[in-house]
Amino acid sequence: MSEELRVSPIETRGVAGKRRFAMVVDTRRCIGCMACQVACKAEYDTPLGVNRTWVPYKVVGKYPNVKKQFLPRLCNHCDDAPCVRNCPVEATFKVEDGGFILQRYERCIGCRSCMAACPYNARFMLPSHRTYTPITNVVDKCTFCFHRVTQNLVPACVQTCIGRSRVFGDLNDPNSEVSYLVAKNATQVLRPEEGTKPHVFYIGADRNATEFGRDAYRQPEVMELERSAFKRNFKI
Amino acid sequence: MGDYVWFHDVSWHASYAVYFFVIGILAGLSFMSYGSWITPALRPLREKAAYGSLGLLALGGLLLIGDLSQPMRFLNILNPGYLNFSSPLAWGALNIVAFGICSVLYIMALKKGDEARGKLLALVTALLALGLPVYTGFDLTVHQSRPVWNSPIIPVLFVAMAIASGSAVGSLLAMGNDEAQKVLRQYMLWSAGAVSIMLVSVMGTTNYGGSAQELTFMIMTTGTMGLLFVGVGFLAGSVAPAVLLFAPMGKSQGVLMVSALLILVGGAALRYVLLMAPQQLQTLY
């Protein structure tokens, strides 16, 4: 994609001297072991009931030829992030070199405007009580493991991925593996119609997996029963 | 079946809808108080509306601050070093503070009997009050991924609902005053009619949208949400008062009171559904 597609001054697509980190998720290689989810939980002490990355699945096909289709999810670190625009106190900001979308916990007022703005549900509210970590009652999200990447390490989920489904690197570097994968494969992003220009690219994800699930077509009352059962043990 | 759905929480809960309702009424009351300088029939409402508006601002402020998960950091939003002017919340916070200051000055002028300053401050307060439903509407409109919210009609709808709610409360406050009721009937009639038309427009465009819009339309028109939106908000709270007030019997005191109450109940239901329904679908993504 060329730099002519930039529409917002905060976008870093093709800007010389600026890194633009991205993740490619090859869904054909994902085996649904959830090791990425566990590694992330361990890295950040993410509380119960919320996740920085999660792996939902759909069962597709017709018996006996059925399979699970996984779609690992995380913050898309959008080039034109609606959460950055919407935060009234600039608690959410974009790191110009790298494109990380990060959160200033000490500044966040907990208005949840960023949560409402995110088309990917990547943000969540931290609970008021945590055992080991003093950061509470503010919005949290995936950081693309900023602290690891700045030490020349890959994010924890990428490090642990047993099938090498997740690949991380600089998209502005034409020699990086992510650049190669994005150039050589048909890739998809989630909800491209929102114009957020996500930095998480999927290989092998079809619309069946990236659209609203069939549960969305059920009555809200039924969904509410399942939601309360799901959240029963998590007082957030 | 067989899908593993990860449930997310809604961002804004029902307390925010109560805040929308309160802010709508207080803006409407502020319009009424200014209207009393233009239309002599509304003169009995001038002080009552000004006091009511300031009292509701205190309640609304408490609701807004209480809804933050870090309530003690609410001053961050007024810190010039932190303010992000691309967020409607930042503009809204400044608008609320300016409105509060002007309301206090206006009430002080009213107490002193300073007519010239009072009229000017009433105008400034009413203009700032106009910003309140507009900013709450923009709060929703800027979220590009949410059906219904992401529509330019929402701020206009919120202004119409503010006029309807404000004139309904004004009508209850001016009970027994025929001259004031005659003017307030007109306000209620045309604002309830405008709200009805805008709701038809919102429902139409939502139903004819993409899959997310269609699903949101289903949530808004079926089950409990459907009862609240279509039954209480649209039919009972907007269409019925407009029809009742337009009918020949619409000038009677009883019909005016019933219409005012219907508009208030409908306004509360509409704000709840407009806030919550577009969030329900998103929780499943």
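In chain B, Met161(B), Ala164(B), Ser165(B), Ala168(B), Ser171(B) and Leu172(B) of α5(B) meet Leu256(B), Ala260(B), Ile263(B), Leu264(B), Gly267(B) and Leu270(B) of α9(B). Contact here means C-beta atoms, placed from the backbone, within 7 Å; helices (H or I, at least four residues) and strands (E, at least two) are DSSP runs numbered from the N terminus. This is a predicted model, in which local features need pLDDT of at least 70, side-chain atom pairs count only at pLDDT 80 or more, and totals for chains, interfaces and linings use all residues. Residues are numbered from 1 along each chain as its sequence is written, while chains are lettered from A and ligands numbered from 1 in the order written.

The axes of α5(B) (residues 153-173) and α9(B) (residues 253-282) come within 9 Å and cross at roughly 140 degrees. Axes are lines fitted to C-alpha atoms, for helices over the stretch in contact, with angles from 0 to 180 degrees between N-to-C directions.

Now to the meeting of the chains: 43 residues from chain A and 41 residues from chain B take part. On the chain A side, α8(A) gives the largest share, 5 residues.

| Element | Residues |
|---|---|
| β2(A) | 57-62 |
| α2(A) | 82-86 |
| α3(A) | 113-117 |
| α8(A) | 220-231 |

Chain A as a whole has 8 helices and 10 strands. Among its contacts between residues at least 6 apart in sequence, 59% join residues at least 24 apart.

Note on methods
Two residues are in contact if their C-beta atoms, placed from the backbone, lie within 7 Å.
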